[in-house]
Amino acid sequence: QYTKEEYDIKVLGKFSDMASKYLLGASAIEACYRRNVIHPSDDYGWLVPVDVGGGGYRDASVIFAMKVVGYGEFGADARRVQLVKVPLLANDQDPSMLHGRVKDATDELSNATAVVDAGGMGLIVCKQLENNHVQLVKVNWGAPNWAKEYKERYKNQRAQAICGLARAIQEGRFGIDADVPRAYVKQLVREGARLPYYYDEKARRGITSKEDMRSEGIASPDAFDCAAFAFLESAHYSIA
């Protein structure tokens, strides 16, 4: 279940010669475009991840519509995710009105579950969605994972989700429909190829904070974060 890098560090107790500053390369993310990872015979579900931006041309608000199959990071049932539509990716969305956009997106799909960033303004969005009876999973990036395996490997849920997405990209388990506008694909590539990571004192993977990324001139990875929500251990789905 370990990656080669994790095996070197956690099992062999040495620094891996595969270690680099960034989690992914641009070419690996580009290869996801037009890749189809959900098969006609799959009993898939719909997830609608939502990253809530601050509005006022600061961080972007993002809504994705994704087909999802499976759970976990490895084995025959490892999670596969297909990005099908992008209902919203904008930095001028009023957060107080975002719940309406999310409800519209979930209503268009069969048995969809919204996966929503519950920090800051996201708490209000979650409450409004609950009042509108939208099926919902709340995201708490900074919290530890529940499963013992993930607690031992990742600093927090943010690291688990982003590394889960990165692994899926590398293993061909993440696809982007051809109908998704190229501008959004380019943003995913741009953000995903500049994600610094590290190992903490317990040899767990962590993702560099957004504040530290900004100090290095790296923009907030809003779209890539949103895609990673689909790989959270708590991102359960219902069959469409």
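Helix α6 is followed by glycine 172, whose phi is positive, near 75 degrees. The model is predicted: local features need pLDDT of at least 70, side-chain atom pairs count only at pLDDT 80 or more, and totals for chains, interfaces and linings use all residues. Residues are numbered from 1 along each chain as its sequence is written, and side-chain values use heavy atoms, with hydrogens and water left out.

**Helix α6**
- Helices are DSSP runs of H or I with at least four residues, strands are runs of E with at least two, and both are numbered from the N terminus.
- The 14 residues of α6 (157-170) reach 20 Å from first C-alpha to last, close to the expected 20 Å (1.5 Å times one less than the number of residues).
- Because 13 of its 14 residues are buried, α6 is largely enclosed by the rest of the structure; buried means under 20% relative accessible area, with a 1.4 Å probe and protein chains only.
- Asparagine 156 caps the N-terminal end of α6, with a side-chain oxygen 3.3 Å from the backbone nitrogen of arginine 158.

**Cysteines**
- A disulfide is a pair of cysteine sulfur atoms within 2.5 Å, and the whole structure has zero.
- The sulfur of cysteine 163 is too far for a bond with the closest cysteine sulfur, 16 Å away in cysteine 32.
- Cysteine 163 is buried, with a relative accessible area of 3%.
- Cysteine 226 is in no disulfide, and the nearest cysteine sulfur, in cysteine 126, is 13 Å away.
- Cysteine 226 is also buried, at 0% relative accessibility.

Key:
Buried means under 20% relative accessible area, exposed over 50%, partly exposed in between (1.4 Å probe, protein chains only). A polar contact is a pair of N or O atoms within 3.5 Å; within protein, one must be able to donate a hydrogen and the other to accept it, and residues adjacent in sequence count only if both atoms are side-chain atoms.
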